Amino acid sequence: PFQSVVSNVDELMQALADAAKSTEPRYYIFIKNGTYDFGTTALTAVPKNTSLIGESQEGVLLKNCPSATVTDYQNQTPVLFIAPNQDNVYMQDMTICQSRDWANKTSQGQAIAVRQRAKRAIYKNVTMQGVQDTYYINKADASAYFEDCSIAGEVDFIYGDGTAFFKNCHLQPVSSSACITAPNTQTGYMGLVFDGCIIEKIAGAKDNVTGYRLGRPWGDSPAATYLNTTMKILPTGAGWSDMGAVPGLFAEFNSHTESGALVDCSARKTSFTVDGTSHSVSYNPVLTQAEAEKYTIANVVGGTDNWQPELL
C-alpha cells in the first residue's frame with residue numbers, strides 16, 4: 001500500500017521529493033525502524049496529502065541538530081516543516097526529536113521539532129521532543145489533531161496562533177520552570193484544546209517538575225483549554241503566568257490527580273499584566289460542564305468542511 005519504503009535518511013528525502021511531484025490523491029511513505037539524522041539540515045518539507053507511517057513510535061527517530069548560533073530559528077531549526085497550503089499531512093508511529101538541546105534538557109535558544117503552517121494535519125502515536133518551542137502551529141487558520149501522542153519540552157513547547165485538538169496525549173514538562181503552552185490565538189478560533197491528556201514527569205527531567213505552568217499568553221486573543229486532564233504532577237496554584245498579553249480564555253474542566261481527586265483550582269490566575277498594568281479577565285478559569293461540552297473535535301477543528309480526523 002506504500003509508494004515508498006525507506007530505511008535511511010537519503011531514501012526518506014527522496015521519498016518526500018517524489019511525494020511533492022506525485023499526482024496520486026495521497027502518497028504513502030513507510031519508514032522502517034532506525035535513526036534518520038538530518039544533521040544540521042532544517043525545514044525538511046512534508047508535502048500535502050502525504051502520509052508518513054513509521055514502523056513503531058519508539059523505533060523510528062527523525063532528528064536534526066542545528067547550530068546554537070542560528071539567527072532565524074523558524075527557518076534554521078525545524079526538523080520537519082509543513083508549509084502553507086500543504087494540507088492534509090498525516091503522521092503516525094514515530095519520534096521527532098529536536099536533538100540540539102534534548103540530551104541535557106537545557107535551551108540554547110528556540111529550536112523547533114515540527115513547524116506547521118497548513119491545515120488539517122494529523123499526528124497519531126507521534127512523540128515530539130525538544131526544549132524550547134518543540135511544536136509550532138504557525139498560522140491563524142492552521143489546524144491539527146493529535147491522538148495518543150507525547151510532547152515534551154520546557155519553554156512554550158506547544159505554541160502558536162493555529163488551532164489544535166490534543167486527544168489522550170502525554171504532556172511532559174522537563175523542569176519545574178516549564179511552561180507548556182504559549183498561544184497566540186486569533187479572535188474567532190478556539191486555540192489549543194487538550195482532552196483526556198496526562199501531564200507527567202519523564203526520565204531525564206531536570207528536577208521533580210512540580211510548579212510548572214499550563215501556559216502564558218503570547219499575543220492577540222490567547223486560548224488554551226484543558227479538559228479531563230490527569231495531572232500526575234501539579235502546576236503552580238496560579239496555573240498560568242504572564243507574557244505581556246491578556247488571554248481570551250485560559251481554562252480547565254475536571255483537572256484531577258492520578259488518584260482521581262479534583263485539583264484545587266481556586267487560586268488560578270485571573271489577572272494578567274500588560275505594560276505594567278494589571279488586567280482582570282472576564283471569564284471563570286474553571287469551566288462548567290455545559291461550557292466544557294462545547295469543546296468537541298468537530299467544534300474545535302472540524303471547520304466548515306466537517307473534517308473528522310479521529311476517523312482517519
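This note goes through the aromatic ring pairs and the charges over rings in a predicted model.

1. Basis. Residues are numbered from 1 along each chain as its sequence is written, and side-chain values use heavy atoms, with hydrogens and water left out. As the model is predicted, local features need pLDDT of at least 70 and side-chain atom pairs count only at pLDDT 80 or more, whereas totals for chains, interfaces and linings use all residues.

2. Ring pairs. Rings of Phe, Tyr and Trp (its six-membered ring) pair if their centres lie within 6.5 Å, and planes under 30 degrees apart count as stacked, over 60 as edge-to-face and the rest as tilted; by this rule the count comes to 14 aromatic pairs.

3. F2 and F30. These two rings form a tilted pair, with 5.2 Å centre to centre and 55 degrees between the planes. F2 lies in the segment before strand 1 (4-6) and F30 in strand 2 (residues 27-31), so the pair ties together parts that are 28 residues apart in sequence; strands are DSSP runs (E, at least two residues), numbered from the N terminus.

4. Y135 and F146. This pair is edge-to-face, at 4.9 Å centre to centre with 80 degrees between the planes, and it links Y135 in strand 11 (residues 135-137) to F146 in strand 12 (residues 143-147), 11 residues apart. Both residues are buried (under 20% relative accessible area, 1.4 Å probe, protein chains only). Ring pairs link Y135 and F146 into a cluster whose members also include W240 and F272.

5. Charges over rings. The charged end of K105 sits over the ring of W102, 4.1 Å from its centre (NZ of Lys or CZ of Arg within 6 Å of the ring centre and within 35 degrees of the ring normal), while K269 lies over the face of F272 at 5.1 Å from the ring centre.

Note on methods. Helices (H or I, at least four residues) and strands (E, at least two) are DSSP runs, numbered from the N terminus. Buried means under 20% relative accessible area, exposed over 50%, partly exposed in between (1.4 Å probe, protein chains only).
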